[in-house]
Every structure is written in structure tokens, then in C-alpha cells.
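Here's a quick briefing to read with the viewer open. Have a look at the model first, then go through the points by topic.

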Amino acid sequence: MGLYKFIPLLVLMLSATVVSAQVAQNQPMVRISEIEIVPEFLAEYNAILKEEAAASVRKEPGVVAIFPMYIKEQPSQIRIVEIYADSAAYQSHLKTPHFQHYKTTTLKMVKALKLIDMNAIDSQTMPEIFKKLK
């Protein structure tokens, strides 16, 4: 297992660097996180994720949504829709105590992590849907 437990953290750190370079300021940032959890840690992981998502939306004005869910037939397959006001809000989110707690305490629980940055097909409608972005 050794080195493999650090792969999710590496992916997260690298993606943060790429995202900050690619996403223009003042443009909403949308991401889907695909996460596979080691089944024995599922209840503990879900509790930590629920706490982190709620704190992010409640405490951070630039976090529009962090919406965790799981695939019905595969509860250890987590999907999170993340929406930030812009890339600066995302970068700020990564530095918060609640995100750092989530990241460090769940590292051993994550079997696989894939971060998918999305673009809106209709970017003009997005501000109407997510009034918090204004």
C-alpha cells in the first residue's frame, strides 16, 4: 500500500495548480469529484465529508455549493458537485481549516480520486441559477 496512499493528495495538489492557471478570474468554477472509499471507512468518511461540505457552504461566501452524493448501488462510490464563485474562491477554500481537516483525516480512506473540471454549456444562465455568484 505504501506509496499509493499519497496518490490522492498528489492529484489534489497538482490539480489545484493547474486549475488556478487555467480558470479565468471572476468565472464560476465547477468540478465533479469522483471518489472511491475503502468500504471499512465509509461511515467515518461520510460523517467527515458531511461536516466539511456544510462548513464550506456556511462559512465561505465563494463556495456556492458542495453537494456530496453516492451511487445507489455502490455506496462507496462518492460524487461531489463543487461550485465556486471563481478560482480565487477555490484557492481560498483549499486553505480553510475545515478543508484541511477533511483532507488530512480522510487520506487513508480514499481508494481512488478523480477531479473533473467542467464548463457550462450555457454560461449565461448560470448566474440566474446560482444567485450567490453575484
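In which helix is confidence lowest, and in which is it highest? The mean is lowest in helix α1 (residues 7–22), at 47, and highest in helix α2 (residues 42–59), at 98. Those are pLDDT values, the predictor's confidence in each residue, from 0 to 100. Helices (H or I, at least four residues) and strands (E, at least two) are DSSP runs, numbered from the N terminus.

This is a predicted model, so local features need pLDDT of at least 70 and side-chain atom pairs count only at pLDDT 80 or more, while totals for chains, interfaces and linings use all residues. Residues are numbered from 1 along each chain as its sequence is written, and side-chain values use heavy atoms, with hydrogens and water left out.

**Confidence**

- The chain averages a pLDDT of 84, and 75% of the residues score at least 70.
- Over residues 14–23 the pLDDT is below 50, and beyond near neighbours in sequence this stretch has 13 contacts in the model. A contact here means heavy atoms within 4.5 Å.

**Nonpolar core**

- The largest nonpolar core has 22 residues. Such a core is a set of buried Ala, Val, Leu, Ile, Met, Phe, Trp, Tyr and Cys residues joined through side-chain atoms within 4.5 Å.
- Buried means under 20% relative accessible area, exposed over 50%, and partly exposed in between (1.4 Å probe, protein chains only).
- Residues with the most contacts inside this core are Ile35, Ile37, Tyr45, Ile78, Ile80, Tyr84 and Tyr102.
- At least two core residues come from each of β1, α2, β2 (63–71), β3 (74–84), α3 and α4. Helix α2 gives the most, with 5 residues.
- Setting aside residues up to four places away in sequence, Ile78 touches Ser33, Glu34, Ile35, Ile37, Leu42, Tyr45, Asn46, Leu49, Met69 and Tyr70.

**Aromatic pairs**

- A search of the whole structure turns up 3 aromatic pairs. Rings of Phe, Tyr and Trp (its six-membered ring) pair if their centres lie within 6.5 Å; planes under 30 degrees apart count as stacked, over 60 as edge-to-face and the rest as tilted.
- Tyr84 and Tyr90 have ring centres 5.1 Å apart and planes at 70 degrees, so this pair is edge-to-face. Both of these tyrosines, Tyr84 and Tyr90, are buried.
- Phe99 and Tyr102 make a tilted pair, 5.9 Å centre to centre with 45 degrees between the planes.
- What separates Phe99 and Tyr102 along the helix? They are 3 residues apart in helix α4 (residues 97–106), about one helical turn.
- Phe99 is buried at 7% relative accessible area, and Tyr102 is buried at 10%.

- His98, Phe99, Tyr102, Lys103 and Thr106 are buried in α4. They cover an arc of only 135 degrees around the axis, which puts them on the same side of α4; the arc is that of the directions from the helix axis to the C-beta atoms.
- Pro97 and Thr104 are exposed on the other side of α4.

**Salt bridges**

- The structure holds 2 salt bridges, each defined as a side-chain nitrogen of Lys or Arg within 4 Å of a carboxyl oxygen of Asp or Glu.
- Asp117 pairs with Arg31, the closest N and O atoms being 2.9 Å apart.
- Asp117 is partly exposed at 38% relative accessible area, whereas Arg31 is buried at 1%.
- Glu36 and Lys111 form a salt bridge at 3.7 Å, N to O. Glu36 lies in β1 and Lys111 in β4, so the pair ties together parts 75 residues apart in sequence.
- Glu36 is partly exposed at 23%, and Lys111 is exposed at 57%.

- His93 is found in helix α3 (residues 87–94) and is buried, with a relative accessible area of 2%.
- Not counting residues up to four places away in sequence, His93 touches Glu52, Ser56, Glu60, Val63, Ile66, Tyr84 and Phe99.
- Ala112 lies in strand β4 and is partly exposed at 32%.
- Leaving aside neighbours within four places in sequence, Ala112 is in contact with Glu34, Ile35 and Glu36.
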